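Opened the model today to look up a few things. My notes are below the picture.

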Amino acid sequence: MGYTLCVLGCGTMGIAIISGVITSLQSRLNTLEIPKWESHTPGTCTPTADSPDPSLPSIFTATVTRKESAQKLQHTFGLLGGLGSSVQVVVGENLAAVQQADVIILSCKPHQAHAILSQIGMQEALAGKLLISILAGVTIAQLTGWVPPTTRVVRAMPNTPCRIREGMTVVSNLPISEEAELDRSIILNIFSSIGRCRFLEEKNFDACTALSGSGPAFACIFLEAMADGGVMMGLPRAEALELAAQTLQGAARMVLQAGAHPAQIKDSVTTPGGCTIAGLLAMEDGKVRSTIARAIQVATERASELGQPAKK
């Protein structure tokens, strides 16, 4: 029998997490399939739901604030079949849900976190449990000040592509405890079911926010620009967008799966006197490389200001 997983404030990302974990549990590993991710993200190899593995959930609870939201979630999870229909969606019963849970994912709006965690009885309910916060701008120092000392607090930062199980989640290093090894397995099984997962020190979270959190927006600017260029040269809009999107996806997979360095891929495409080197020089003239790098820098600096008291 696995543990009970509770998502407090189950919105879009909470839905993605529960759906990803359930889908992973319900699918069997095809040993003939080329691994989608490398060995440090074992969620793609998650055993089936009847496994006794204590790092896998067997009961799911999601809390919301409105009855309409609960109905939508029940419908969404029901479409998953199997375990999906067993997800308990409750309205306004955060305390009861936490009392019954072993692992809690805090997925509410950041400004609601203190009120939820300060609810009467919540301290006792959280004692000795693993609390995973996916709230932007709320630090571990803040969270530990709102929960009992025995609560193991971790921050996780999934990005938008987690909605289609192609995300990147960064998780803060685990606090030292007897349960650290099990907690690590639990976290990996959760977040690798919706993409890739990495552990980093919390001090790196601002840069990760800029790179993987804001990154999809930056990538889409580049994607859109490539498609626009294709349209400029006579391609239909739909086909230009498809070509650009698949090209970026293919290049990214060569880096992730084959371990190729981006420069190596670039050089393999670039022939002497060819069209690729001509295009690359035009991009260098436009300072594309430095502009993208500076965008990450500026976004990181802005991320460091989020969650801090407003300047008067």
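**Ground rules.** I'm working with a predicted model, where local features need pLDDT of at least 70, side-chain atom pairs count only at pLDDT 80 or more, and totals for chains, interfaces and linings use all residues. Residues are numbered from 1 along each chain as its sequence is written, and side-chain values use heavy atoms, with hydrogens and water left out.

**Sheet.** I took helices (H or I, at least four residues) and strands (E, at least two) as DSSP runs, numbered from the N terminus. Strands pair if DSSP finds at least two bridges between them. I found an open sheet of eight strands with mixed pairing, in the order β3-β2-β1-β4-β5-β6-β7-β8. The edges are β3 (88-91) and β8 (195-200); each has a single partner strand, so one side of each lacks a neighbour in the sheet. From one strand to the next, the twist averages 25°, with axes as lines fitted to C-alpha atoms (for helices over the stretch in contact) and angles running from 0 to 180 degrees between N-to-C directions. I then checked β2 (residues 57-64) against β3: they run parallel, joined by four bridges, and Val64 has Val91 of β3 as its bridge partner. Helix α1 (residues 12-26) packs on this sheet, touching β1 (3-8), β2 and β4 (103-106), and its direction makes about 160° with that of β2; contact means heavy atoms within 4.5 Å.

**Helix α13.** Which residues are buried in α13? I get Ile296, Ala299, Thr300 and Ala303, where buried is under 20% relative accessible area, exposed over 50% and partly exposed in between (1.4 Å probe, protein chains only). They sit on the same side of α13, because their arc around the axis is only 105°, taken from the directions from the helix axis to the C-beta atoms. Arg294 and Val298 are exposed, on the face turned away from the buried side. The cover over the buried residues includes α8 (205-213) and α9 (215-232).

**Positive phi.** I noted two non-glycines. Arg165 has phi of about 60° and lies in the loop between β6 (152-157) and β7 (167-172); it is partly exposed at 31%. Lys287 has phi of about 55°, in the loop between α12 (275-285) and α13, and is exposed at 57%.

**Cysteines.** How many disulfides are there? The count is zero, with a disulfide taken as a pair of cysteine sulfur atoms within 2.5 Å. For Cys10, the nearest cysteine sulfur is that of Cys6, 9.1 Å away. Cys10 is buried at 7%, and Cys108 is buried at 9%.
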